[in-house]
2 protein chains.
Amino acid sequence: MIAVRSSCKEFAKFLKMSVTHCFVDCYSICSLFKIHRWRQRAGSSPALGTKFKFHNCYFSVIVHTRFYCMDFIVVAAPFELTLVEEKHEKIKKLYDSGLSPLDEISEIASQCLKLIANLKFDDYGSVGNKNYICYHELIYSRPIATELFISDPEEFEASWLDFIEKIDSENCSCQLEVLNIDRIIYTAIMSFAICYDIWKNSSRKTPGTHFEILLGSIFSRFFINHNRGKHISLPDGESLSTDICFSNKNEIFVFPAKTTTRERIVQPYAHQRILDSISPGQYRSILLCVSETQRDNKKKKVNDICVPGTIKLYQEHLSKLTGIYYLDPPVRYLSQDILKLVKVGSIGELLKSDLSNIIKLNQVGNE
Amino acid sequence: MIAVRSSCKEFAKFLKMSVTHCFVDCYSICSLFKIHRWRQRAGSSPALGTKFKFHNCYFSVIVHTRFYCMDFIVVAAPFELTLVEEKHEKIKKLYDSGLSPLDEISEIASQCLKLIANLKFDDYGSVGNKNYICYHELIYSRPIATELFISDPEEFEASWLDFIEKIDSENCSCQLEVLNIDRIIYTAIMSFAICYDIWKNSSRKTPGTHFEILLGSIFSRFFINHNRGKHISLPDGESLSTDICFSNKNEIFVFPAKTTTRERIVQPYAHQRILDSISPGQYRSILLCVSETQRDNKKKKVNDICVPGTIKLYQEHLSKLTGIYYLDPPVRYLSQDILKLVKVGSIGELLKSDLSNIIKLNQVGNE
């Protein structure tokens, strides 16, 4: 712990060394970062997650304390993380304006992979035949399935280009092995999520947003005759927020995108039910997820959090999802009692063949 | 900050003073609390939330650090909190065995009110004509509506006894003013929630569980001819977890109980829909909540987080809730556009008159 209270100069000197995190008293941080106004205004510390940039390090407040001289604790992240954040903002803007920033999505993943390369990781055992690790620096990342993760940035960039080239937009499919498709998309989202888990833990929703943008951009290459949206307009001026949807004059495909479902599994079912009530037969929901893994810190292992009974109940009594697709499907959902009610598979399968079959089926139905 | 590293004795001396929280290095805490095994076993610090008891203070790990000598941070809570925790466990057991531990619920609220009496609080402004405060010590509590909160333990105990006495089980109503009923139940849940917000922040779900037990126990006095449950058994061996339900041979009342709804508002609607699909007309859902308030730390104010469009949509296209009742109803939901679709009111209103009307209506319907 550095005696920042005694001297701001000392603290500044210290920052030039390779800091990873530090405790800072309010007076010093106020002088250093010129944030004196906080104290003056509210008599309180800056909010959790507040960022400072100083000497090529950026700091964010991770916990408040009221212990003696220390008033809050800041954690420093590598400067490059600010570039990742800026790129994410840019990608979001491009996506919201209707574009599919596939190059930028590849670049940000590659940047994240380079940042991750400096991190330590711990083995978190295996679930079925899949091995998991968690990266860490002060805080632990979500579990990563090693089989699905391309840790080399150059290998990832080449694979991504290959994937995008092999998308067959006409036939709504992809000429790449299923496992390769899964690995590329998995790496694209997880590299970003690891960085945010570790250095931007207060931005919990951002990896989910990035997952939505990532899939929306990729799927746009498959739905070249549909319009992409985020909401479905309903009668009475209401609208339903559905993550990703693709519509033409006959049909609307709804893609709820969740990194994990947890208790949110009810939402896509409820939405499909509402859509069925408003316009029977026009809407098809396909749920897209990363995984259902959860990190058990005590036992240093990974659990799949599955609710097979709930899925059966919802699929039978609430509404019908057309499919549930994961990048890392939980084994429990691939058993026969679930599969006889709803198709569960990997997003690679969906993009390689299932999507084109679903669209064809729909066209036959509409004719 | 105490130089715990230099001397465990010093630290022990320090603990005898009135500590509220402190930073402790791993070596000292291990010696003091005889938890050396952590280091030996996993080479890591104890998990977040891990508790130690020492010198009549109990400590729990609130954040991990890797900064120099300090390895984790513990926060100390008043010793009496352990009594609250023990009582909560006891109440839970009694409730789960089918009892309604109303005396214990009053006692725990009174204990919590005594603990809170030592806390500072900040004004968090007003929403409509309701004023809010937040209690704090290192961490801030959820917002408390002063009008609804009885801060004097003795006044609370007397009011509680009066309330229980005035329950008219035969007529399923209560001979007490609506505002008084709301204040008593609001104080019972919020006194507990404040303590957990501040000293047991890692047990985020416990106040919700306590709210369920509190309402389930009170409502048992109103439903003397029904059986209380937590789950509804469905065909195929499935079951629906519904917080509180009361059933007899003709009807089942379902009471989802949530301190706030947020995105979970979809769940009671989806459950009612499933129940309608399985057995039309047999089930009635009435949603019970504390409030929809949210603390805005930056502006030091309170916001009501409302989703009127969503409620309208669900009520029209998903299923029909019989009512939505709050202890502190958000003003937005008391406007005509919502009320014409679904009854929204206070739990005081429900217990004073609405519940008996709903039950009578149901009996007419079943005859």
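Student: Why is Asp337(B) called partly exposed?

Tutor: Its relative accessibility is 24%. Buried means under 20% relative accessible area, exposed means over 50%, and partly exposed lies in between (1.4 Å probe, protein chains only). At 24%, Asp337(B) therefore counts as partly exposed.

Student: What should I know about the model itself?

Tutor: This is a predicted model; local features need pLDDT of at least 70, side-chain atom pairs count only at pLDDT 80 or more, and totals for chains, interfaces and linings use all residues. Residues are numbered from 1 along each chain as its sequence is written, chains are lettered from A and ligands numbered from 1 in the order in which they are written, and side-chain values use heavy atoms, without hydrogens and water.

Student: What makes Lys312(B) and Asp337(B) a salt bridge?

Tutor: The rule asks for a side-chain nitrogen of Lys or Arg within 4 Å of a carboxyl oxygen of Asp or Glu. Here the N to O distance is 3.0 Å, and the side chains of Lys312(B) and Asp337(B) meet in a salt bridge. The pair links distant parts of the chain, 25 residues apart: Lys312(B) is in helix α10 (residues 308-317) of chain B and Asp337(B) in helix α11 (residues 336-339) of chain B. Helices are DSSP runs (H or I, at least four residues), as are strands (E, at least two), and both are numbered from the N terminus. In chain A, Lys312(A), Arg332(A) and Asp337(A) are joined into one network by salt bridges that share partners. Over all chains the count comes to 30 salt bridges.

Student: How do you know that Glu89(A) and Lys92(A) form a salt bridge?

Tutor: Their closest N and O atoms are 4.0 Å apart, and the pair is counted as a salt bridge. Glu89(A) and Lys92(A) are separated by about one helical turn because they are three residues apart in helix α4 (residues 80-96) of chain A. Glu89(A) has 40% relative accessibility, so it counts as partly exposed. Lys92(A), with a relative accessible area of 28%, is partly exposed.

Student: What do Lys300(A) and Asp122(A) tie together?

Tutor: Start with the contact: Lys300(A) forms a salt bridge with Asp122(A), with the closest N and O atoms 2.4 Å apart. Lys300(A) lies in the loop between β16 (293-296) and β17 (301-304) of chain A and Asp122(A) in strand β5 (residues 120-127) of chain A, so the pair ties together parts that are 178 residues apart in sequence.

Student: Is Asp122(A) buried or exposed?

Tutor: Buried, because its relative accessibility is 18%. Lys300(A), at 27%, is partly exposed.

Student: What makes the backbone of Lys300(A) worth a look?

Tutor: Lys300(A) has a positive phi of about 50°, although it is not a glycine. Lys300(B) also has a positive phi of about 50° without being a glycine. Lys300(B) lies in the loop between β16 (293-296) and β17 (301-304) of chain B. With a relative accessible area of 22%, Lys300(B) is partly exposed.

Student: How do you know that β11(A) and β12(A) form a pair?

Tutor: Two strands pair if DSSP finds at least two bridges between them. Six bridges join strand β11 (residues 227-233) to strand β12 (residues 239-247) in chain A, and the strands run antiparallel. His231(A) stands opposite Ser241(A) in β12(A). The two strands form a hairpin with five residues between them, and Asp236(A) in the turn has a positive phi of about 70°.

Student: Which strand pairs with β12(A) over four bridges?

Tutor: Strand β13 (residues 252-255) of chain A, in the antiparallel sense. Phe253(A) in β13(A) is the bridge partner of Phe246(A). A hairpin through four residues joins β12(A) to β13(A).

Student: What makes both faces of β13(B) count as covered?

Tutor: Side chains in a regular strand alternate between the two faces of the sheet. In strand β13 (residues 252-255) of chain B, Ile252(B) and Val254(B) are on one side, Phe253(B) and Phe255(B) on the other, and all are buried.

Student: Which way does β15(B) run against β13(B)?

Tutor: Parallel: three bridges join β13(B) to strand β15 (residues 283-289) of chain B. Ser285(B) in β15(B) is the bridge partner of Val254(B).
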